[in-house]
Amino acid sequence: MVLGVSGGIAAYKALDLCRRLGDLGAIVSPVLTPDALRFVGALSFSALAAQPALTSMWDGPVSPHTTLGQGADLVIVAPATARTIAAYTHGLADDVLINTLLATRAPVVVCPAMHTEMWEHPSTQDNLEVLRGRGVTVVDPGVGYLASGDQGAGRLADTAAIVVAAESILGSVRDMTGLRVLVTAGGTREAIDPVRFIGNRSSGKQGFAFVDECAGRGAVVTVVTTVNRPVPAGVTVVTVESAAQMEATVADHCGAAHIIVMAAAVADFRPVHAAAAKIKKDPSTTDAPTITLERTPDILAGLGAAKPVGQILIGFAAETGDVAHYAQDKLARKGADMIVANDVSLPGRGFDTETNEVIIFTSSGGVHHVELSDKRAVARAVINLALAAIGTDIERTVARRHGG
Ligand code: C5P
């Protein structure tokens with residue numbers, strides 16, 4: 001595996017990434033651009049990696065870039081500066097890293113890191129779009145402190161997120177082969193009239209992290225979602241809008257599922273009647289219309305009541321206090337095998353964040369805390385528990401592999 005490091009302040013984080021990849025058993029060959037060497041030393045990478053760091057085309061054997069590029073199973077570029085992204089996109093082979101990138105047919109993961117203005121610049125975004133179109137995986141940067149104290153988007157993605165991207169490309173863990181997983185994602189929209197709805201702040205990010213995790217581990221995945229996000233090849237996506245549509249679609253797919261992950265934020269109430277035409281302001285009065293609400297079907301509770309033997313049903317509890325109490329109550333009331341609970345009033349947790357911190361309550365009495373981490377890591381922890389509950393006995397594994 002080649003770890004390409006280009007010249008940004010986040011280059012120091014690539015040292016940690018280098019060590020983590022090595023810990024996971026990767027033979028890492030670091031390749032540093034001349035500008036990367038202004039931020040970090042080649043010796044540090046050579047000490048941490050399996051192979052000495054390559055910093056130039058001219059210091060060692062002839063053609064080091066083709067040897068490395070041809071031999072690599074994966075190339076990760078972290079951090080990838082705007083210049084490195086542009087040079088790679090346009091084939092401008094002016095340093096050892098771009099030469100290596102052009103000399104490889106291995107999958108490539110690009111992890112941009114730069115100031116917000118540079119990240120948002122159309123040149124950078126257009127270049128990344130071209131790279132994505134060529135099959136390059138882009139691990140988007142996060143939001144936070146940048147060099148020189150500025151804040152905004154452009155911070156190198158967490159090491160864990162980069163490792164996950166690498167793992168899923170290399171397909172190192174395929175322990176869900178033969179399992180069917182149904183995931184719900186996003187917030188439902190309940191129509192008031194043709195232009196207005198009652199919604200919520202769910203982004204679908206946690207649900208899609210489950211999709212990525214399960215598909216990456218070999219499961220057959222269906223996602224019923226209110227939001228459109230990219231999915232791995234082979235995943236079935238059914239787009240819905242309201243709780244009623246989600247209920248009907250889930251009913252169509254639930255029977256075949258070994259694991260159901262109900263990550264969607266389903267509305268609890270909806271207008272009794274959705275107006276056929278846009279509700280207009282009445283100029284003759286200052287009165288506002290009254291919208292009468294009714295309860296929506298509780299999809300999770302319905303699934304819990306009719307759950308086939310062996311199916312693992314996972315619900316969520318987004319609370320703003322007393323999380324454990326509500327989660328444990330929900331576990332029993334909804335007939336779920338697991339409730340993944342989080343306090344959405346805390347920063348970095350819950351709706352529309354890249355990260356989450358959860359406590360997983362299981363029907364067998366288990367309580368598992370997942371510290372603040374990216375949503376994919378949360379998904380992995382939940383799925384690991386689900387697989388442990390399903391059991392790993394040989395007969396079941398054999399039956400699964402034969403479509404049972
Ligand atoms: O009762 P509460 O809405 O807090 O429960 C949350 C869990 O129940 C989530 O897993 C959510 O997807 C599910 N839910 C549902 N149908 C509803 C409301 C919530 O399936 N109408």
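User: Which of the 14 residues around the ligand come nearest?
Analyst: Ala264, Leu300, Phe316, Lys330 and Lys334. Keep in mind that this is a predicted model.

User: What's the make-up of the shell around the ligand: how many nonpolar, polar and charged?
Analyst: Eight residues of the shell are nonpolar, two are polar and four are charged.

User: And which polar backbone atom lies 2.8 Å from an oxygen atom of the ligand?
Analyst: One that belongs to Leu300. Leu300 is also among the residues that come nearest to the ligand.

User: What about the nitrogen side? Which residue has a polar backbone atom 2.9 Å from a ligand nitrogen?
Analyst: Pro297. There is also Ala267, where a backbone N or O atom lies 3.4 Å from a nitrogen atom of the ligand.

User: How much of the ligand does the protein bury?
Analyst: The protein buries 87% of the 450 Å² that the ligand exposes when taken alone.

User: Which elements give two or more residues to the shell?
Analyst: Three are listed: helix H11 (299-305), strand S16 (312-319) and helix H12 (323-334).

User: Moving on to Asp337. Where does Asp337 lie?
Analyst: In the loop between H12 and strand S17 (338-343).

User: Buried or exposed, that Asp337?
Analyst: Buried. Its relative accessible area is 17%, and the cut-off for buried is under 20%.

User: What does the side chain of Asp337 make a polar contact with?
Analyst: With the side chain of Lys307, at 3.0 Å. A polar atom of the Asp337 side chain also lies 2.8 Å from the backbone nitrogen of Leu313.

User: Now Asn200. Where is its place?
Analyst: Asn200 is in the loop between strand S10 (197-198) and helix H9 (205-216).

User: What's the relative accessible area of Asn200?
Analyst: 34%, so Asn200 counts as partly exposed. That class runs between the 20% and 50% cut-offs.

User: And how far is Asn200 from Arg189, in sequence and in space?
Analyst: They are 11 residues apart in sequence and 7.8 Å apart in space, C-alpha to C-alpha.

User: Last topic, the whole protein. How many helices and strands are there?
Analyst: The protein has 14 helices and 19 strands. Along the principal axes, its C-alpha atoms fill a box of roughly 75 × 65 × 35 Å.

User: What share of the residues count as buried?
Analyst: 48% of the 404 residues.

Notes. Residues are numbered from 1 along each chain as its sequence is written. This is a predicted model: local features need pLDDT of at least 70, side-chain atom pairs count only at pLDDT 80 or more; totals for chains, interfaces and linings use all residues. Side-chain values use heavy atoms; hydrogens and water are left out. A residue is near a molecule or strand if one of its heavy atoms lies within 4 Å of it. A polar contact is a pair of N or O atoms within 3.5 Å; within protein, one must be able to donate a hydrogen and the other to accept it, and residues adjacent in sequence count only if both atoms are side-chain atoms. Accessible areas come from the Shrake-Rupley method with a 1.4 Å probe; for residues, only the protein chains shown count as cover. Helices (H or I, at least four residues) and strands (E, at least two) are DSSP runs, numbered from the N terminus. Ala, Val, Leu, Ile, Met, Phe, Trp, Tyr, Cys and Pro count as nonpolar, Asp, Glu, Lys and Arg as charged, and the others, Gly among them, as polar. Buried means under 20% relative accessible area, exposed over 50%, partly exposed in between (1.4 Å probe, protein chains only).
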